[in-house]
Amino acid sequence: MALIVQKFGGTSVGSTERIRNVARRVARWHARGHQVVVVPSAMAGETNRLLALAKEMSPSPDPRELDVIASTGEQVTIALLAIALHAEGIQARSFTGPQVGVLTDSTFTKARILKINQDKIRKSLNDGSVVVVAGFQGADEEGNITTLGRGGSDTSAVALAAALKADECQIYTDVDGVYTTDPRVVPEARKLDTITFEEMLEMASLGSKVLQIRSVEFAGKYKVKLRVLSSFEEDFDDDCAGTLITIEDKKRMEQPVISGIAFNRDEAKLTVLGVPDRPGTAFQILGPVADANIDVDMIIQNIGHDGTTDFSFTVNRNDYAKAMKILKEVKERIGARSVAGNPTICKVSAVGVGMRSHPGVASRMFAALGKEGINMAMISTSEIKISVVIDEKSLEHAVRTLHKAFGLEKPQKSTLSLTGRDETDIITPS
């Protein structure tokens, strides 16, 4: 018998029929003797509908009241799922986040989990019930309802799995795992059997929307065994084991150099030209940008000559106009020559823990792009990632080129799990 936390996204519970399908899947796990905690999201589109109602009342609703409204979407889903489980002959009980003791801070609309009380969940599990807990929500010390921000149900599920020391946290979504890149761009993209927390964190931060980044951080911190599966697979025995997200196994043989190619279209580049080359100038440029709550990604400063240098950085495309306005004001204060920008760039990254022990990854990447005439405007590296900024029109060509250059269409050779067992040795309901 194992303790499993299963999270189902909004599309997985998007209709009453889909909720019945989820109930049948959960029932199969429960019938094999496993203890199951289910964390569903609100039905697809429901949170947007609720927030739109609030906006009709006021263009800037009070954040506390927004959380009260937004949290009701999950409350509907947990009750419907519990009822569907009852119809399957399964004993089940639903709880909201506050009812089950999910304690958060008081940052409304984007709260962080501080503590989870396990007592009610443990008691219900020991009584033989499936426990259905509302994701995305909790309560602060004053009893105010809070929400965790978009994608917060993933974080709720991982946090519950960590608190309960679950054997596995399964994230059911509308895809059947994590792919080497977006299959819509590269049809040959391959589903990964395993990927490390570090790699998944990089992929999530670079635009992969399979998992919410906070949930990956949480899972890595508490070493929660995390698996991505499809809720639309007809085979309830889960022969398709999805993708296991695991700690790096130093003993794993033939580790792929690169695990995936990630990309982000929502990038913009800004450059301050002719910046006086003196200490403190970088802060004078980026300080006002940070004060405006604009996140800066890649930063490059050219070698100074004639007492000046050029300073470039990237931001999310939605922040481009605001950042440009700030830089024009900064230019006058620091005595720079001019400000330039490009809102039609994108970022492409090669991600893989294998590059730690394999030299020449960057040269292979640059050679492949150069051969195809794809110009790189900026380059950034970390221990397991190499990112380049290119023109948006070359994005899909670049992704296909790099996917082929690193042989990512070939089968993954190593399939060890967190425990070191072969990947066929997993918890299954049959």
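User: What should I know about the model and its numbering before I start?

Analyst: The model is predicted, so that local features need pLDDT of at least 70 and side-chain atom pairs count only at pLDDT 80 or more, while totals for chains, interfaces and linings use all residues. Residues are numbered from 1 along each chain as its sequence is written, and side-chain values use heavy atoms, with hydrogens and water left out.

User: How are strands put together into a sheet, and in what order do the eight strands of the open sheet stand?

Analyst: Helices (H or I, at least four residues) and strands (E, at least two) are DSSP runs, numbered from the N terminus, and two strands pair if DSSP finds at least two bridges between them. Here eight strands form an open sheet with mixed pairing, in the order 3-6-2-1-9-11-12-10. Strand 3 and strand 10 (194–196) stand at the edges with a single partner strand each, so one side of each is left without a neighbour in the sheet. Neighbouring strands of this sheet are turned by 20 degrees against each other on average, direction ignored, where axes are lines fitted to C-alpha atoms, for helices over the stretch in contact, and angles run from 0 to 180 degrees between N-to-C directions.

User: How many bridges join strand 1 to strand 9, and which residue is the bridge partner of I4?

Analyst: Strand 1 and strand 9 (residues 168–173) run parallel and are joined by five bridges, and I4 has E168 of strand 9 as its bridge partner.

User: Which helices pack on this sheet or lie across its strands?

Analyst: Contact means heavy atoms within 4.5 Å. Helix 7 packs on the sheet by touching strand 1, strand 2, strand 6, strand 9 and strand 11 (226–230), and its direction makes about 175 degrees with that of strand 1. Helix 8 (residues 197–205) lies across strand 10, strand 11 and strand 12 (243–246), running at about 80 degrees to strand 10.

User: What span should helix 7 have, and how enclosed is helix 7?

Analyst: The expected span of a helix is 1.5 Å times one less than its number of residues. For the 13 residues of helix 7 (residues 152–164) this gives 18 Å, which agrees with the 18 Å between its end C-alpha atoms. Buried means under 20% relative accessible area, exposed over 50%, and partly exposed in between (1.4 Å probe, protein chains only). Just after helix 7, K165 takes a positive phi of about 55 degrees.

User: Why do the buried residues of helix 6 line one face?

Analyst: An α-helix has 3.6 residues a turn, so residues three or four places apart point the same way. In helix 6 (residues 119–126) the buried residues are I121, S124 and L125. Seen down the helix axis, they fall within an arc of 100 degrees (taken from the directions from the axis to the C-beta atoms), so they line one face of helix 6. On the other side of helix 6, D119, K123 and N126 are exposed. Among the elements covering the buried residues of helix 6 are strand 1 (3–8), strand 2 (35–40) and helix 7.

User: In what order do the strands of the antiparallel sheet stand, and which helices lie across them?

Analyst: Six strands form an open, antiparallel sheet in the order 14-15-13-16-18-17. Strand 14 (296–301) and strand 17 (378–382) stand at the edges, each with a single partner strand, so one side of each has no neighbour in the sheet. Strand 17 is joined to strand 18 (residues 385–391) by five bridges, with S380 standing opposite S387 of strand 18. Helix 10 (residues 281–291) lies across strand 13 (260–276), strand 14 and strand 15 (308–316), at about 25 degrees to strand 15, and helix 13 (residues 395–405) lies across strand 13, strand 16 (338–351) and strand 18, at about 120 degrees to strand 13.
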